[in-house]
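Please have a look at the structure first, and then we can go through them together.

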Amino acid sequence: MSVKRILVIEDDVLLAKTLRNVLMADGYKAYVANSGAEGIQKAYELAPDLILCDINMTPIDGYQVFNILNDSSITNKIPFIFITGKSDIEDIRLGMELGVDDYIVKPFSNDELLKSIKVRLAKYEKLVNMGKSDYNALVELSPNGIFLFDGETIYEINQAFSVMTGLSADDLKKVTFKNLVDEKTYSSIQPRIQKCTSGLLKSFDDQINLITPNRSFNECKLYITTSHKYNGFTLLIGLLAPAETSKPVDHSEYDRLVSILSEEKVDISGDLALKLQTVFHFPSVKPVGESKPLIENIFSKREQEVLKLSCKGLPIKIIADELCISDRTVEKHRASLMEKTGSKNIVEVIIYALKNDLIDL
(Lines give C-alpha, C1' and ligand atoms only; values in the text may rest on other atoms or scores of the structure.)
Protein backbone atom coordinates (compact mmCIF):
# COMPACT_ATOMS: atom_id res chain seq x y z
CA MET A 1 0.00 0.00 0.00
CA SER A 2 1.42 3.40 -0.98
CA VAL A 3 2.05 6.05 1.67
CA LYS A 4 -0.81 8.55 1.85
CA ARG A 5 0.02 12.19 1.21
CA ILE A 6 -1.60 14.93 3.28
CA LEU A 7 -1.48 18.67 2.58
CA VAL A 8 -1.74 20.99 5.62
CA ILE A 9 -2.91 24.54 4.79
CA GLU A 10 -2.31 26.62 7.95
CA ASP A 11 -1.02 30.20 8.35
CA ASP A 12 0.12 29.55 11.93
CA VAL A 13 3.67 28.43 11.16
CA LEU A 14 4.27 26.70 14.49
CA LEU A 15 0.95 24.80 14.38
CA ALA A 16 1.61 23.80 10.75
CA LYS A 17 5.00 22.33 11.71
CA THR A 18 3.46 20.51 14.66
CA LEU A 19 0.77 18.99 12.48
CA ARG A 20 3.36 18.00 9.91
CA ASN A 21 5.43 16.21 12.57
CA VAL A 22 2.38 14.41 13.99
CA LEU A 23 1.37 13.19 10.55
CA MET A 24 4.86 12.04 9.61
CA ALA A 25 5.19 10.19 12.92
CA ASP A 26 2.02 8.28 12.03
CA GLY A 27 3.43 7.21 8.66
CA TYR A 28 2.01 9.86 6.33
CA LYS A 29 3.84 12.08 3.87
CA ALA A 30 3.00 15.62 5.00
CA TYR A 31 3.29 18.88 3.08
CA VAL A 32 2.72 22.40 4.43
CA ALA A 33 1.33 25.58 2.87
CA ASN A 34 1.25 28.73 5.00
CA SER A 35 -1.42 30.60 3.06
CA GLY A 36 -4.62 29.90 1.14
CA ALA A 37 -3.02 30.84 -2.18
CA GLU A 38 -0.03 28.56 -1.58
CA GLY A 39 -2.39 25.79 -0.49
CA ILE A 40 -4.38 25.98 -3.72
CA GLN A 41 -1.18 25.86 -5.77
CA LYS A 42 0.21 22.86 -3.88
CA ALA A 43 -3.12 21.03 -4.08
CA TYR A 44 -2.90 21.16 -7.88
CA GLU A 45 0.79 20.24 -7.92
CA LEU A 46 0.68 17.39 -5.40
CA ALA A 47 -2.84 15.96 -5.83
CA PRO A 48 -2.72 14.83 -2.16
CA ASP A 49 -4.86 12.06 -0.70
CA LEU A 50 -6.35 14.43 1.90
CA ILE A 51 -6.29 18.15 2.77
CA LEU A 52 -6.30 19.72 6.26
CA CYS A 53 -7.17 23.41 6.01
CA ASP A 54 -7.54 26.21 8.56
CA ILE A 55 -10.55 28.49 8.05
CA ASN A 56 -9.38 31.75 9.61
CA MET A 57 -6.71 32.85 7.12
CA THR A 58 -6.19 36.05 5.12
CA PRO A 59 -6.55 37.23 2.43
CA ILE A 60 -7.90 33.86 1.17
CA ASP A 61 -9.73 31.99 3.93
CA GLY A 62 -10.45 28.26 4.18
CA TYR A 63 -13.93 28.55 2.70
CA GLN A 64 -12.52 30.20 -0.42
CA VAL A 65 -9.80 27.55 -0.68
CA PHE A 66 -12.40 24.79 -0.53
CA ASN A 67 -14.69 26.45 -3.10
CA ILE A 68 -11.85 26.95 -5.58
CA LEU A 69 -10.60 23.37 -5.26
CA ASN A 70 -14.15 22.03 -5.39
CA ASP A 71 -14.69 23.69 -8.77
CA SER A 72 -11.90 21.65 -10.35
CA SER A 73 -12.37 18.06 -11.55
CA ILE A 74 -8.73 17.46 -10.59
CA THR A 75 -9.10 18.38 -6.89
CA ASN A 76 -12.81 18.15 -6.02
CA LYS A 77 -12.55 14.45 -5.13
CA ILE A 78 -9.86 14.96 -2.46
CA PRO A 79 -11.18 14.45 1.12
CA PHE A 80 -11.19 17.88 2.82
CA ILE A 81 -11.13 18.57 6.58
CA PHE A 82 -11.45 22.05 8.16
CA ILE A 83 -9.34 22.80 11.25
CA THR A 84 -10.27 25.96 13.12
CA GLY A 85 -10.59 27.71 16.44
CA LYS A 86 -14.18 28.61 15.70
CA SER A 87 -16.71 26.55 17.62
CA ASP A 88 -19.93 28.40 16.80
CA ILE A 89 -22.57 26.04 15.46
CA GLU A 90 -23.26 28.32 12.48
CA ASP A 91 -19.63 28.12 11.35
CA ILE A 92 -19.73 24.34 11.60
CA ARG A 93 -23.02 24.19 9.70
CA LEU A 94 -21.64 26.43 6.93
CA GLY A 95 -18.61 24.20 6.49
CA MET A 96 -20.68 21.05 6.28
CA GLU A 97 -23.18 22.63 3.88
CA LEU A 98 -20.31 23.44 1.54
CA GLY A 99 -19.61 19.71 1.38
CA VAL A 100 -16.43 19.31 3.42
CA ASP A 101 -15.77 15.85 4.84
CA ASP A 102 -15.14 16.85 8.45
CA TYR A 103 -14.69 19.79 10.80
CA ILE A 104 -12.22 19.72 13.72
CA VAL A 105 -12.34 22.46 16.36
CA LYS A 106 -9.18 23.64 18.12
CA PRO A 107 -7.89 22.60 20.55
CA PHE A 108 -7.94 18.96 19.52
CA SER A 109 -5.84 15.97 20.49
CA ASN A 110 -3.49 14.21 18.11
CA ASP A 111 -5.56 11.04 18.46
CA GLU A 112 -8.72 12.91 17.49
CA LEU A 113 -7.04 14.35 14.41
CA LEU A 114 -5.52 11.04 13.29
CA LYS A 115 -8.82 9.20 13.82
CA SER A 116 -10.69 11.70 11.62
CA ILE A 117 -8.05 11.39 8.90
CA LYS A 118 -8.18 7.58 8.94
CA VAL A 119 -11.98 7.58 8.74
CA ARG A 120 -12.03 9.94 5.74
CA LEU A 121 -9.27 8.09 3.90
CA ALA A 122 -11.05 4.79 4.54
CA LYS A 123 -14.32 6.14 3.12
CA TYR A 124 -12.51 7.45 0.07
CA GLU A 125 -10.81 4.09 -0.42
CA LYS A 126 -14.16 2.35 -0.04
CA LEU A 127 -15.63 4.50 -2.81
CA VAL A 128 -12.80 3.59 -5.16
CA ASN A 129 -13.18 -0.08 -4.29
CA MET A 130 -16.96 0.07 -4.86
CA GLY A 131 -16.31 1.48 -8.29
CA LYS A 132 -13.73 -1.23 -8.92
CA SER A 133 -16.31 -3.82 -7.86
CA ASP A 134 -18.72 -2.56 -10.53
CA TYR A 135 -15.87 -2.54 -13.01
CA ASN A 136 -14.72 -6.09 -12.17
CA ALA A 137 -18.27 -7.43 -12.52
CA LEU A 138 -18.37 -6.30 -16.15
CA VAL A 139 -14.76 -6.30 -17.29
CA GLU A 140 -14.55 -9.94 -18.36
CA LEU A 141 -17.94 -9.90 -20.10
CA SER A 142 -16.96 -7.63 -22.95
CA PRO A 143 -14.48 -7.96 -25.82
CA ASN A 144 -14.37 -4.16 -25.90
CA GLY A 145 -11.98 -1.94 -23.96
CA ILE A 146 -13.26 -1.10 -20.48
CA PHE A 147 -11.70 1.35 -18.04
CA LEU A 148 -12.49 2.89 -14.64
CA PHE A 149 -11.61 6.55 -14.18
CA ASP A 150 -12.64 9.80 -12.45
CA GLY A 151 -12.62 12.02 -15.52
CA GLU A 152 -8.85 12.36 -15.45
CA THR A 153 -6.99 9.53 -13.68
CA ILE A 154 -7.52 5.98 -15.00
CA TYR A 155 -7.55 3.40 -12.20
CA GLU A 156 -8.26 0.08 -13.94
CA ILE A 157 -8.30 -1.31 -17.48
CA ASN A 158 -9.03 -4.67 -19.08
CA GLN A 159 -6.89 -6.54 -21.59
CA ALA A 160 -9.01 -5.37 -24.53
CA PHE A 161 -8.34 -1.75 -23.53
CA SER A 162 -4.60 -2.40 -23.54
CA VAL A 163 -4.79 -3.97 -27.00
CA MET A 164 -6.90 -1.15 -28.45
CA THR A 165 -4.83 1.72 -27.02
CA GLY A 166 -1.39 0.10 -26.95
CA LEU A 167 -1.05 1.04 -23.26
CA SER A 168 -0.23 -1.26 -20.36
CA ALA A 169 -1.35 -0.80 -16.75
CA ASP A 170 2.09 0.63 -15.92
CA ASP A 171 1.79 3.15 -18.76
CA LEU A 172 -1.36 4.56 -17.15
CA LYS A 173 0.67 5.89 -14.22
CA LYS A 174 2.18 8.42 -16.61
CA VAL A 175 -0.93 9.49 -18.54
CA THR A 176 -4.49 10.72 -17.97
CA PHE A 177 -7.60 10.20 -20.07
CA LYS A 178 -6.85 13.47 -21.86
CA ASN A 179 -3.64 11.92 -23.24
CA LEU A 180 -5.56 9.16 -25.04
CA VAL A 181 -7.45 11.32 -27.54
CA ASP A 182 -6.70 14.21 -29.86
CA GLU A 183 -7.25 17.77 -28.66
CA LYS A 184 -10.35 18.39 -30.78
CA THR A 185 -12.02 15.23 -29.52
CA TYR A 186 -11.21 15.99 -25.89
CA SER A 187 -12.58 19.54 -26.18
CA SER A 188 -15.82 18.07 -27.48
CA ILE A 189 -16.37 15.42 -24.79
CA GLN A 190 -14.77 17.05 -21.74
CA PRO A 191 -17.84 19.17 -20.83
CA ARG A 192 -20.00 16.03 -20.80
CA ILE A 193 -17.44 14.16 -18.70
CA GLN A 194 -17.56 17.08 -16.26
CA LYS A 195 -21.36 16.85 -16.15
CA CYS A 196 -21.13 13.13 -15.37
CA THR A 197 -18.67 13.71 -12.52
CA SER A 198 -20.87 16.49 -11.11
CA GLY A 199 -24.05 14.39 -11.32
CA LEU A 200 -25.74 16.42 -14.09
CA LEU A 201 -25.50 13.64 -16.67
CA LYS A 202 -25.77 9.86 -16.21
CA SER A 203 -24.16 8.72 -19.45
CA PHE A 204 -23.25 9.64 -23.03
CA ASP A 205 -21.53 8.24 -26.11
CA ASP A 206 -19.50 9.76 -28.91
CA GLN A 207 -16.99 9.02 -31.66
CA ILE A 208 -13.36 9.62 -30.65
CA ASN A 209 -9.90 9.46 -32.19
CA LEU A 210 -7.17 7.65 -30.25
CA ILE A 211 -3.64 9.10 -30.43
CA THR A 212 -1.77 6.60 -28.23
CA PRO A 213 1.21 4.69 -29.67
CA ASN A 214 0.83 1.11 -30.97
CA ARG A 215 -2.96 1.36 -30.93
CA SER A 216 -5.08 -1.17 -32.81
CA PHE A 217 -7.64 1.41 -33.95
CA ASN A 218 -7.78 5.14 -34.62
CA GLU A 219 -11.52 5.80 -34.54
CA CYS A 220 -13.51 4.30 -31.68
CA LYS A 221 -16.95 4.58 -30.18
CA LEU A 222 -16.75 5.82 -26.59
CA TYR A 223 -19.43 5.07 -23.99
CA ILE A 224 -19.28 6.72 -20.55
CA THR A 225 -21.56 6.01 -17.58
CA THR A 226 -21.46 6.97 -13.90
CA SER A 227 -20.62 4.57 -11.08
CA HIS A 228 -20.62 5.41 -7.35
CA LYS A 229 -20.67 8.89 -5.82
CA TYR A 230 -19.27 10.26 -2.58
CA ASN A 231 -19.10 13.93 -1.51
CA GLY A 232 -19.09 15.20 -5.07
CA PHE A 233 -16.61 12.60 -6.33
CA THR A 234 -18.02 10.32 -9.01
CA LEU A 235 -16.21 7.37 -10.55
CA LEU A 236 -16.95 6.73 -14.22
CA ILE A 237 -16.88 3.54 -16.26
CA GLY A 238 -15.83 3.89 -19.89
CA LEU A 239 -16.07 1.49 -22.83
CA LEU A 240 -14.26 1.64 -26.17
CA ALA A 241 -15.59 -0.17 -29.24
CA PRO A 242 -14.04 -0.14 -32.75
CA ALA A 243 -15.93 2.42 -34.82
CA GLU A 244 -16.19 0.12 -37.83
CA THR A 245 -18.28 -2.38 -35.82
CA SER A 246 -20.63 0.28 -34.54
CA LYS A 247 -23.72 0.80 -36.69
CA PRO A 248 -25.21 4.30 -36.63
CA VAL A 249 -28.50 4.83 -34.86
CA ASP A 250 -30.84 7.68 -35.66
CA HIS A 251 -31.24 9.01 -32.13
CA SER A 252 -33.91 11.52 -33.16
CA GLU A 253 -36.08 8.70 -34.54
CA TYR A 254 -35.39 6.61 -31.45
CA ASP A 255 -36.39 9.48 -29.13
CA ARG A 256 -39.61 10.07 -31.08
CA LEU A 257 -40.48 6.38 -30.96
CA VAL A 258 -39.96 6.14 -27.20
CA SER A 259 -41.99 9.31 -26.68
CA ILE A 260 -44.91 8.00 -28.74
CA LEU A 261 -44.90 4.56 -27.10
CA SER A 262 -44.79 6.15 -23.68
CA GLU A 263 -47.60 8.61 -24.36
CA GLU A 264 -49.81 5.87 -25.82
CA LYS A 265 -48.95 3.52 -22.92
CA VAL A 266 -47.87 0.83 -25.38
CA ASP A 267 -45.91 -2.10 -23.92
CA ILE A 268 -43.39 -3.93 -26.09
CA SER A 269 -44.20 -7.58 -26.73
CA GLY A 270 -42.16 -10.23 -28.57
CA ASP A 271 -42.89 -9.41 -32.22
CA LEU A 272 -42.57 -5.66 -31.74
CA ALA A 273 -39.36 -6.13 -29.77
CA LEU A 274 -37.80 -8.16 -32.59
CA LYS A 275 -38.75 -5.46 -35.08
CA LEU A 276 -37.11 -2.81 -32.90
CA GLN A 277 -33.94 -4.87 -32.75
CA THR A 278 -33.88 -5.00 -36.54
CA VAL A 279 -34.71 -1.34 -37.14
CA PHE A 280 -32.21 0.04 -34.64
CA HIS A 281 -29.53 -2.59 -35.31
CA PHE A 282 -29.18 -3.46 -31.63
CA PRO A 283 -26.15 -5.76 -31.46
CA SER A 284 -25.72 -8.75 -29.23
CA VAL A 285 -22.97 -8.20 -26.65
CA LYS A 286 -23.25 -11.51 -24.80
CA PRO A 287 -19.85 -13.25 -24.94
CA VAL A 288 -19.58 -16.72 -26.40
CA GLY A 289 -19.56 -19.42 -23.72
CA GLU A 290 -20.88 -17.09 -21.02
CA SER A 291 -22.06 -19.16 -18.07
CA LYS A 292 -23.82 -16.41 -16.16
CA PRO A 293 -26.03 -13.99 -18.15
CA LEU A 294 -25.19 -10.31 -17.91
CA ILE A 295 -28.71 -9.63 -16.64
CA GLU A 296 -27.87 -11.42 -13.38
CA ASN A 297 -25.04 -8.97 -12.75
CA ILE A 298 -27.26 -5.92 -13.25
CA PHE A 299 -30.76 -6.74 -11.98
CA SER A 300 -32.03 -8.68 -8.97
CA LYS A 301 -33.95 -11.92 -9.55
CA ARG A 302 -37.29 -10.23 -8.93
CA GLU A 303 -36.38 -7.32 -11.21
CA GLN A 304 -35.57 -9.85 -13.95
CA GLU A 305 -39.00 -11.43 -13.53
CA VAL A 306 -40.76 -8.06 -13.68
CA LEU A 307 -38.73 -7.06 -16.75
CA LYS A 308 -39.49 -10.27 -18.65
CA LEU A 309 -43.22 -10.04 -17.93
CA SER A 310 -43.21 -6.35 -18.91
CA CYS A 311 -41.67 -7.34 -22.24
CA LYS A 312 -44.69 -9.56 -22.85
CA GLY A 313 -46.91 -6.50 -22.70
CA LEU A 314 -48.52 -7.40 -19.37
CA PRO A 315 -49.95 -4.56 -17.24
CA ILE A 316 -48.84 -4.01 -13.64
CA LYS A 317 -51.91 -5.73 -12.18
CA ILE A 318 -51.35 -8.94 -14.17
CA ILE A 319 -47.63 -8.93 -13.34
CA ALA A 320 -48.47 -8.58 -9.64
CA ASP A 321 -50.88 -11.53 -9.79
CA GLU A 322 -48.40 -13.63 -11.75
CA LEU A 323 -45.61 -13.06 -9.20
CA CYS A 324 -47.91 -13.06 -6.13
CA ILE A 325 -46.81 -9.57 -5.08
CA SER A 326 -48.61 -6.25 -4.73
CA ASP A 327 -49.12 -3.69 -7.50
CA ARG A 328 -47.00 -1.25 -5.51
CA THR A 329 -44.12 -3.72 -5.29
CA VAL A 330 -44.21 -4.14 -9.07
CA GLU A 331 -44.07 -0.35 -9.45
CA LYS A 332 -41.05 -0.20 -7.12
CA HIS A 333 -39.21 -2.85 -9.14
CA ARG A 334 -39.97 -1.03 -12.38
CA ALA A 335 -38.73 2.22 -10.84
CA SER A 336 -35.53 0.43 -9.82
CA LEU A 337 -35.11 -0.89 -13.36
CA MET A 338 -35.47 2.65 -14.72
CA GLU A 339 -32.92 3.99 -12.24
CA LYS A 340 -30.34 1.29 -13.00
CA THR A 341 -30.63 1.79 -16.76
CA GLY A 342 -30.98 5.58 -16.72
CA SER A 343 -34.39 5.29 -18.39
CA LYS A 344 -37.35 7.66 -18.17
CA ASN A 345 -40.01 4.95 -18.45
CA ILE A 346 -40.45 1.19 -18.76
CA VAL A 347 -40.38 1.39 -22.56
CA GLU A 348 -36.82 2.72 -22.44
CA VAL A 349 -35.92 -0.03 -19.96
CA ILE A 350 -37.14 -2.69 -22.39
CA ILE A 351 -35.25 -1.11 -25.29
CA TYR A 352 -32.12 -0.95 -23.11
CA ALA A 353 -32.53 -4.63 -22.34
CA LEU A 354 -32.91 -5.41 -26.03
CA LYS A 355 -29.93 -3.30 -26.99
CA ASN A 356 -27.73 -5.15 -24.51
CA ASP A 357 -29.17 -8.60 -25.26
CA LEU A 358 -30.51 -9.02 -21.71
CA ILE A 359 -33.78 -10.67 -22.77
CA ASP A 360 -34.41 -13.96 -24.57
CA LEU A 361 -37.47 -13.51 -26.79
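## An aspartate in a strand

D54 belongs to strand β3, which spans residues 50-54. Keep in mind as you look around that this is a predicted model. Is D54 buried or exposed? Its relative accessibility is 3%, and the cut-off for buried is under 20%, so D54 counts as buried.

Which residues does D54 touch, once neighbours within four places in sequence are set aside? They are I9, E10, D11, G62, I83, T84 and K106. For the record side of things, an unreviewed UniProt entry carries the annotation "modified residue: 4-aspartylphosphate" at D54.

Now turn to helix α11 (residues 301-311) and helix α13 (residues 327-341), whose axes come within 9 Å and cross at roughly 95 degrees. Angles of 65 to 115 degrees count as roughly perpendicular, and α11 and α13 are therefore roughly perpendicular to each other.

On the α11 side, the contact is made by R302, E303, V306, L307 and S310. From α13 come V330, H333, R334, S336, L337 and K340. By residue class, this contact of α11 with α13 holds four nonpolar, three polar and four charged residues.

Notes. Residues numbered from 1 in each chain as written. Predicted model: local features only at pLDDT ≥ 70, side-chain atom pairs only at ≥ 80, totals over all residues. Heavy atoms only, no water. Axes fitted to C-alpha atoms, helices over the stretch in contact; angles between N-to-C directions. Helix = DSSP H or I, 4+ residues; strand = E, 2+ residues; numbered from the N terminus. Parallel < 35°, antiparallel > 145°, perpendicular 65-115°, else oblique. Contact = heavy atoms within 4.5 Å. Nonpolar A, V, L, I, M, F, W, Y, C, P; charged D, E, K, R; others polar. Buried < 20%, exposed > 50% of the residue type's maximum accessible area, 1.4 Å probe, protein only. UniProt positions renumbered as here; feature names shortened; annotations may be inferred.
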